[in-house]
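I am opening my notebook on this structure. I want to look up how its parts sit against each other.

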Amino acid sequence: GIDNQGLTGIEHSFEDVLTGNNAPDKIFLDARGDEVLGIEGDKPNKTEKVKTNKVVLTLDENVQYIAERELKEGLEKYKAKRGLVIVMDLDNGDLLALATNPTYDPNYYSKAKWDVIKNWAVTDFYEPGSTMKIFSISAALEKRKITLNESVACPGVIKIESWTVHDHGASAGQVRFLKPLDIIKMSSNVGTSIVTRRMTPEEHRGLLLKFGFGKPTDSKLSGEVGGIVPELPWRPSMQSAISFGQSVAVTPLQIVTAMSAIARGGIRIDPRIIKQIIGPDDKILKDYKSREVRTLSQDTADKIRNLMIGVVQDKEGTGKATRIPGYVMAGKTGTADKVERGRYSGNVISSFLGFYPAEHPRILQFVLYDSPQTEHFASLTAVPVFREIASNILMYLNIPPTKPDELIDKEKL
């Protein structure tokens, strides 16, 4: 603000740290109100301003620029209400980019609307839809309710209490036998519901809480909310709905944090955006470290990672448009029905959550569009934008290809 006050975001959260013992400038005026010049004749007489602390962020300006550029282009192309990109360094939880659009000019803060000012990556929650299937199948594998080789009989439509669950593209009389890879790759609601309900509601809810859902992360971002994981007891219809991302609410940053557990061999890491606080003498006053929590076994995490590779690498995968020659990518699409004014409105939230290179993950990335109009499914909106951002980041960070033969083959073509 004009009085050196943080109005929102990091500046507001760390107001005390940034201002400290900062004394205001004092400019001496004569009787007419003009500044009294110093000895040199060109500078006003004033007291020396006390130096203040600095808050060092983890954001990488180049990654942030890439994210903002591609996000904006996609927003205009798909005529979405708003969009978001989050990029995390999986080594330490550092947020390299956190971009939202529409945005505003901080110089005209008073003229901006709160919907644009707020950091809705942490202040708003939504039903995650198909993205939640990854965590549901992870929980079932962790609790040994299914193996990777088991084929589950999945009718096109099933009835749970008074609720109907159906799979996109499958007829009511059709029965498909799907392994966990197929359930994830084809994003089967029916398969996810059947497998997840082999767990007790207590087991299911317990694993969701271990992933970090239902409580704020340790990001230090102001206004962060915890989302909603319904209290027990759960009826079978509720457990089914939660398994494929309905009747549960998450923030974008929560879903990224949860996925870090799978990308990091079962160890979830909290996101970090504050790296250090530096004093006036440039000495480090405080180092911030990300908290790590064992969420899944290494074995389960590795299995789910391989399933997510299938979503991208297999020709039937919903994320196949994410492929980048020379690299193995892993991810999951999400096309979630949007709740507005207490009911499903017909709009959707389209997203893609993934990490790369999948063999030894370095980067975790999330792209989300709220209410795209020209295209509906995540495979046609979030996925191509994810690919463009990832291609640029791989080049910028100089991450070597893990499948160099693909690049050789491409050059021959």
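First, a term I need: a helix axis here is a line fitted to the C-alpha atoms over the stretch in contact, and angles between N-to-C directions run from 0 to 180 degrees. I also note that the model is predicted.

**Entry 1: α3 and α13**

I looked up helix α3 (residues 61-78) and helix α13 (residues 382-396). Their axes come within 10 Å and cross at roughly 160°. Angles over 145 degrees count as roughly antiparallel, so α3 is roughly antiparallel to α13. The crossing of α3 past α13 is right-handed.

Next I listed who meets whom. From α3 I wrote down Asn-62, Val-63, Ile-66, Ala-67, Arg-69, Glu-70, Gly-74 and Tyr-78. Across from them, α13 brings Pro-384, Val-385, Glu-388, Ile-389, Asn-392, Ile-393 and Tyr-396. I sorted this contact by class and got 9 nonpolar, 3 polar and 3 charged residues.

**Entry 2: α6 and its two helix contacts**

I moved to helix α6 (residues 132-142). With helix α8 (residues 189-196), α6 packs at an angle of about 35°, and the axes are 9 Å apart. α6 passes α8 in a left-handed crossing. On the α6 side, I found Lys-133, Ser-136, Ile-137 and Ala-140 in the contact. On the α8 side, I found Asn-189, Thr-192, Val-195 and Thr-196. The classes here are 3 nonpolar, 4 polar and 1 charged.

Then I checked α6 against helix α12 (residues 298-313). Their angle is about 140°, with the axes 10 Å apart. α6 and α12 are therefore oblique to each other. α6 passes α12 in a right-handed crossing. The contact draws on Ile-134, Ile-137, Ser-138, Leu-141 and Glu-142 of α6. From α12 come Thr-300, Lys-303, Ile-304, Leu-307 and Met-308. This contact divides into 6 nonpolar, 2 polar and 2 charged residues.

I noticed Ile-137 on both lists: it is in the contact with α8 and in the contact with α12.

**Entry 3: α10, buried or exposed?**

The buried ones are Ser-237, Gln-239, Ser-240, Ala-241, Ile-242 and Ser-243. What covers them includes α6, β5, β6, α8 and α9 (201-210). Just after α10, Gly-245 takes a positive phi of about 90°.

**Entry 4: the β5-β6 hairpin**

Two of those covering elements are strands, and I looked at them next. Strand β5 (residues 157-160) and strand β6 (residues 163-166) run antiparallel, joined by 4 bridges. Ile-158 stands opposite Val-165 in β6. The two strands form a hairpin with 2 residues between them. In that turn, Glu-161 has a positive phi of about 55°.

**Entry 5: an open sheet**

I traced a sheet of 3 strands. Its order is β1-β9-β10, the sheet is open and the pairing is antiparallel. β1 (54-57) and β10 (284-287) stand at the edges, each with a single partner strand, so one side of each has no neighbour in the sheet. From one strand to the next, the twist averages 25°. Ile-278 has Ile-284 in β10 as its bridge partner.

**Entry 6: two single residues**

I picked Leu-84, in strand β2 (residues 82-89). Where does Leu-84 stand, buried or exposed? Its relative accessible area is 0%, so Leu-84 is buried. Leaving out residues up to four places away in sequence, Leu-84 touches Leu-71, Ala-99, Thr-100, Trp-120, Ala-121, Pro-252, Phe-366, Val-367 and Leu-368. Leu-368 is 284 residues from Leu-84 along the chain, yet their C-alpha atoms are separated by 5.2 Å.

Last, I looked up Asp-182, in helix α7 (residues 180-185). Its relative accessible area is 17%. Buried means under 20%, so Asp-182 counts as buried. Not counting residues up to four places away in sequence, Asp-182 touches Phe-177 and Ser-187.

How values were computed. Residues numbered from 1 in each chain as written. Predicted model: local features only at pLDDT ≥ 70, side-chain atom pairs only at ≥ 80, totals over all residues. Heavy atoms only, no water. Pairing = 2+ DSSP bridges. Left-handed = near helix turned anticlockwise from the far one by under 90°. Contact = heavy atoms within 4.5 Å. Nonpolar A, V, L, I, M, F, W, Y, C, P; charged D, E, K, R; others polar. Parallel < 35°, antiparallel > 145°, perpendicular 65-115°, else oblique. Buried < 20%, exposed > 50% of the residue type's maximum accessible area, 1.4 Å probe, protein only.
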